[in-house]
Amino acid sequence: MEKDCGAWINLLSHKFKAKLDATFQDFGITGVQSRILYYIQFHCQRGPVFQRDIESAFGMSRSTATGILQLLEKNGMIRRESVPMDARLKSLVPTQKAIELNSRVYEYLQDMDRLLTQGLTEEQVLQFKEMAAQMLKNLDEYREKTTA
């Protein structure tokens with residue numbers, strides 16, 4: 001039986017996640033945690049990063065983001081700091097431990113991207129990104145229709 005788009009996406013996601021998890025296991029983090037740490041470090045240079053930013057960027061629920069961020073905090077990778085403009089808000093700040101790990105995380109994520117796109121032209125990679133963005137938009141629009 002021919003695989004449909006959903007099956008291909010699921011297969012790629014599963015293999016990619018397993019590879020990331022295996023690689024970052026030695027650092028005491030998961031693949032998803034590595035991507036979130038990288039996101040926090042990259043974006044905190046431009047201003048405060050909040051949990052809602054993580055939820056939005058990674059398309060995850062509040063409870064999922066809370067669990068991941070609590071583990072990162074427990075493992076000494078991030079800390080939450082009060083924001084002067086609103087004491088209820090806590091910005092996510094990488095610790096020195098996370099900062100030291102960041103270059104390895106970045107290098108490995110770049111290596112994984114090169115591995116994934118090996119043998120593809122720049123046009124094919126761009127086309128894939130456009131198609132994936134459209135598929136994501138389709139899912140978001142469907143969710144909006146069914147929850148309205």
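Begin by colouring the protein chain by confidence: this is a predicted model, and its pLDDT averages 92, with 99% of the residues scoring at least 70. Confidence is lowest in strand S2, residues 86–94, where the mean is 89. The highest value, 96, belongs to helix H4, residues 62–74.

**The whole chain**

Display the chain as a cartoon. The secondary structure consists of 6 helices and 2 strands, and along the sequence these follow the pattern α-α-α-α-β-β-α-α. The C-alpha atoms occupy a box of roughly 55 × 45 × 25 Å along the principal axes. Of the 148 residues in the chain, 25% are buried. Among contacts between residues at least 6 apart in sequence, 48% join residues at least 24 apart.

**The nonpolar core**

Next, select Ile36, Ile40, Ile54 and Leu72. These residues have the most contacts inside the largest nonpolar core, which has 23 residues. Helices H1 (5–24), H2 (31–44), H4 and H5 (96–117) each supply at least two residues of this core. Which helix gives the largest share? That helix is H5, with 6 residues. In soluble globular proteins, nonpolar side chains tend to be buried together.

Keep Leu72 selected and show its surroundings. Apart from neighbours within four places in sequence, Leu72 is in contact with Ile29, Gln33, Ile36, Leu37, Met77 and Ile78.

**Helix H4**

Now select residues 62–74, which form helix H4. The helix has 13 residues and reaches 18 Å from its first C-alpha to its last, close to the 18 Å expected at 1.5 Å a residue. Its buried residues are Ala65, Ile68, Leu69 and Leu72. Where do the buried residues fall when the helix is seen down its axis? They fall within an arc of 95°, so they line one face of H4. An α-helix has 3.6 residues a turn, so residues three or four places apart point the same way.

Turn the view to the face of H4 that points away from its buried side; the exposed residues Ser63 and Lys74 are found there. Then return to the buried residues of H4, which pack against H2, H3, strand S1 (78–83) and S2. After H4 comes Gly76, whose phi is positive, near 75°.

Select Gln51, which is placed in helix H3, residues 51–58. Is this residue buried or exposed? Gln51 counts as buried because its relative accessibility is 15%, where the cut-off for buried is under 20%.

Show the side chain of Gln51 together with that of Glu55: a polar contact of 2.9 Å joins the two. The side chain of Gln51 also reaches the backbone oxygen of Arg62, at 3.2 Å. Beyond its neighbours within four places in sequence, Gln51 is in contact with Arg62, Ala65, Thr66, Leu69, Arg80 and Leu92. Among these contacts of Gln51, Ala65 and Leu69 are buried residues of H4.

Finally, select Ala57, which also lies in helix H3. Ala57 counts as partly exposed because its relative accessibility is 44%. Ala57 and Tyr39 are 18 residues apart in sequence, and their C-alpha atoms are 8.8 Å apart in space.

How values were computed
Residues are numbered from 1 along each chain as its sequence is written. This is a predicted model: local features need pLDDT of at least 70, side-chain atom pairs count only at pLDDT 80 or more; totals for chains, interfaces and linings use all residues. Side-chain values use heavy atoms; hydrogens and water are left out. pLDDT is the predictor's confidence in each residue, from 0 to 100. Helices (H or I, at least four residues) and strands (E, at least two) are DSSP runs, numbered from the N terminus. Buried means under 20% relative accessible area, exposed over 50%, partly exposed in between (1.4 Å probe, protein chains only). A polar contact is a pair of N or O atoms within 3.5 Å; within protein, one must be able to donate a hydrogen and the other to accept it, and residues adjacent in sequence count only if both atoms are side-chain atoms. Contact means heavy atoms within 4.5 Å. A nonpolar core is a set of buried Ala, Val, Leu, Ile, Met, Phe, Trp, Tyr and Cys residues joined through side-chain atoms within 4.5 Å. The expected span of a helix is 1.5 Å times one less than its number of residues. The arc is that of the directions from the helix axis to the C-beta atoms.
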